[in-house]
Amino acid sequence: MSSLEKLKRYLIFGAGLFINSLGVSLITKANLGTSPISSIPYVLSLNFRMTLGQFTILFSILLIVLQLFILRRNFKAEYWLQIPISVLFGYFIDLTMTMLYFVHPQTYGPKIVYLLIGCIILGFGVYAEVLADVAMLPGESFVRAVSSTWHTSFGITKIAFDVSMTGIAALLSVIFASRLDGVREETILAALLVGIFVRLFSRQLAFLVPVLFPCPEGQGNQA
């Protein structure tokens, strides 16, 4: 991989990370819950003084530590890159939450609209990160660690992970607030819709791969 291609990939990943955070913030602003991966940080932010972004950073670091225990000798040095990525992602979430200060839907209709827009944006952000193919956020990396260690399907493991995060968030909400706050129908819808939008963008924008990352001359002719 040339230096120019590596630079393009990291720029695309950085843009995807920001778009990802924008989607998470808009989904959260819809006030019907939040995405599964953000559900635990969101519930904690509702009950303590730290922000959603700050709790996201702490939760991400916890997932990285868990990966270290799961993978042990298979934990690669490059996985430590998840730490600065997590810090940047948490900062982006707080930044975009501030940018969207004017979003306060009061009725169910506009809330659903913001939810759908947020899922589309989040789906595109995830697609950009996959397109860059240089790093993974701790949530997806944790799922990869589990599936590779215990030889389970990545897709099934991801579903189990999302369900577990939602369940833990609901339990924390009941413990700290004595009610179900921060985990609603949006959490389930986001889990379903974001994956659909990621696959849609992957199909419709497949032409971008050879445009952004053309094969070196002669490489494409090799058998």
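Modeller: Helices here are DSSP runs of H or I, at least four residues long, numbered from the N terminus. The model is predicted.

Colleague: How do you know that the span of α3 agrees with its residue count?

Modeller: The expected span is 1.5 Å times one less than the number of residues. Helix α3 covers residues 52-71, 20 residues, so it should span 28 Å. Its end C-alpha atoms lie 28 Å apart, which agrees.

Colleague: And what span should α7 have?

Modeller: With 24 residues, α7 should span 34 Å. The separation of its end C-alpha atoms is 34 Å, so the two agree.

Colleague: Why is Ile156 called exposed?

Modeller: Exposed means a relative accessible area over 50%. Ile156 has 61%, so it is exposed. This residue is in α7.

Colleague: Which residues of α7 are buried?

Modeller: Among them are Phe161, Met165, Ala169 and Leu172. Buried means under 20%.

Colleague: What covers the buried residues of α3?

Modeller: The cover includes α1, α2, α4, α6 and α7. The buried residues of α3 include Phe55, Ile57, Phe59 and Leu63.

Colleague: What makes α3 roughly parallel to α6?

Modeller: The two helices pack at about 15°, with axes 9 Å apart. Angles under 35 degrees count as roughly parallel. Therefore α3 is roughly parallel to α6. Their crossing is left-handed.

Colleague: Which residues meet there?

Modeller: From α3, they include Ser60, Leu63, Ile64 and Gln67; from α6, they include Phe142, Ala145, Val146 and Trp150. By class, the contact has ten nonpolar, six polar and no charged residues.

Colleague: Why is α1 called roughly antiparallel to α5?

Modeller: The axes of α1 (residues 3-29) and α5 (residues 108-132) cross at roughly 160°. Angles over 145 degrees count as roughly antiparallel. So α1 is roughly antiparallel to α5. The axes come within 7 Å.

Colleague: What is the handedness of that crossing, and which classes of residue make up the contact?

Modeller: The crossing of α1 and α5 is left-handed. Their contact has 19 nonpolar, five polar and two charged residues.

How values were computed:
Residues numbered from 1 in each chain as written. Predicted model: local features only at pLDDT ≥ 70, side-chain atom pairs only at ≥ 80, totals over all residues. Heavy atoms only, no water. Axes fitted to C-alpha atoms, helices over the stretch in contact; angles between N-to-C directions. Parallel < 35°, antiparallel > 145°, perpendicular 65-115°, else oblique. Left-handed = near helix turned anticlockwise from the far one by under 90°. Nonpolar A, V, L, I, M, F, W, Y, C, P; charged D, E, K, R; others polar. Buried < 20%, exposed > 50% of the residue type's maximum accessible area, 1.4 Å probe, protein only. Contact = heavy atoms within 4.5 Å.
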